[in-house]
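Dear colleague,

Please find below the structure that I am handing over to you.

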Amino acid sequence: MRAVILIGGMGTRLRPFTLETPKPLLPVMNRPFLEYQFQILSRHGVREVVLCTSYRAETFRRAFGTGRRLGLKISYVRERIPLGTGGALKNAEPYLKGTTLALNGDVLNAFDLGAFLKFHRARRAEISIALTRVKDPTRYGLVITDEKGMVRRFLEKPSWDEVVSNSINAGAYLFEPSVFAHLPPGKPYSLERGLFPERLAAGARIAGYVAPGYWIDIGSVEAYLQVHLDLLQGLAPFKPGPRARPFKNSDGARVTAGAGTTAAPFVRFSGSVSLGAKVRIGRGAQLTDCVVLDGAVIGDGARLERCVVGPKARIGTHAVLGPGTALAGGSSVGDYSQL
Ligand code: GDD
Ligand code: MG
């Protein structure tokens, strides 16, 4: 089976980090996020992957090349203007055959692809959608199924008064080849707001597979931080980057760091902390549940809690970065600042 991954979005909710780097290439514990999805595919024997690119398209080929290093064969399809999730899929049609697995490029889902495929076949579905349960369905696509697992209704980004269940589209699909005839070529079109409700209204068989296990969409700064905390706590079965190492000096906290990262004496870590490569942490700094990307410099006595520090940012001595701070790469925070 071949897989197609939709990675053309602009990642607006993850700015400032996505101004430089598209969301699927943002590092998570010293490895581009998309490589975690590749782990799932490899585990299930999927070797041929098509990447549908648009925003900062060239950066993906630079990161993954032919895919050989990762044990994959990667093809790239580029949209000159963003074609939406449906238009992107249509664009990839020449590269696909048979039943196709499609994935959103910003979700991490430790699910069993074999079981998903079996479910799809047993339902004789034209489209199957993996579902997961979340606390706040208003940020996602609500999918309502009957007792046999067939989809009855779609509500993309519902308001709270429309929320009738907590099963949402987890961003993983199986498509039969017949679906492509219903995708308009060369123009923006949405799977979630176009194809799915239209095929449902036309009487097509669409099934919803509740995928057990870990799931996250890393599309917001808060979620990007959260995926690090989850991985560090061992909540999701994925391997961090080859150069990410448990960090010395971490008394009880869960800390990883990339190569060349140093911490001066009296640095205190608590909770879960992910440090990139070549990060420098000054004397007596305190870091709690945070992410610091490559080359950032943290001044003496600075305090960071539940925040994300972009690459090469400089934080002055005794500065305080509170929960929710998203510090752009290369920016500078003066001594004693409080954010
Ligand atoms: N190639 C291409 N072209 N990819 C795109 C485009 C485009 O024009 N627009 C979006 N994508 C990619 C994004 O890069 C992302 O990986 C994926 O499609 C989904 O887009 P998001 O912008 O992240 O959508 P969302 O998170 O608001 O909602 C979607 O995902 C939820 C699960 O995480 C929907 O599918 C929801 O129904 C779903 O619940
Ligand atoms: Mg998303």
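By class, the residues around ligand 1 divide into 10 nonpolar, 8 polar and 8 charged. Here Ala, Val, Leu, Ile, Met, Phe, Trp, Tyr, Cys and Pro count as nonpolar, Asp, Glu, Lys and Arg as charged, and the others, Gly among them, as polar.

This is a predicted model, in which local features need pLDDT of at least 70 and side-chain atom pairs count only at pLDDT 80 or more, while totals for chains, interfaces and linings use all residues. Residues are numbered from 1 along each chain as its sequence is written, chains are lettered from A and ligands numbered from 1 in the order in which they are written, and side-chain values use heavy atoms, with hydrogens and water left out.

Ligand 1

The shell holds 26 residues, of which Glu 79, Gly 84, Asn 169, Glu 192 and Asp 217 come nearest (a residue is near if one of its heavy atoms lies within 4 Å). Polar contacts, meaning pairs of N or O atoms within 3.5 Å, are made to oxygen atoms of ligand 1: a polar side-chain atom of Glu 192 lies at 2.5 Å, one of Asp 217 at 2.6 Å, and an N or O atom in the side chain of Tyr 173 at 3.4 Å. Ligand 1 taken alone exposes 740 Å², and the protein buries 90% of that (Shrake-Rupley method, 1.4 Å probe). Two or more residues of the shell come from each of α4 (84-91), β9 (167-175) and β11, and α4 gives the most, with 3 residues. Helices (H or I, at least four residues) and strands (E, at least two) are DSSP runs, numbered from the N terminus.

The chain as a whole

The chain has 7 helices and 24 strands. Buried residues make up 56% of its 339 residues.

Yours sincerely

Definitions and conventions
A polar contact is a pair of N or O atoms within 3.5 Å; within protein, one must be able to donate a hydrogen and the other to accept it, and residues adjacent in sequence count only if both atoms are side-chain atoms. Buried means under 20% relative accessible area, exposed over 50%, partly exposed in between (1.4 Å probe, protein chains only).
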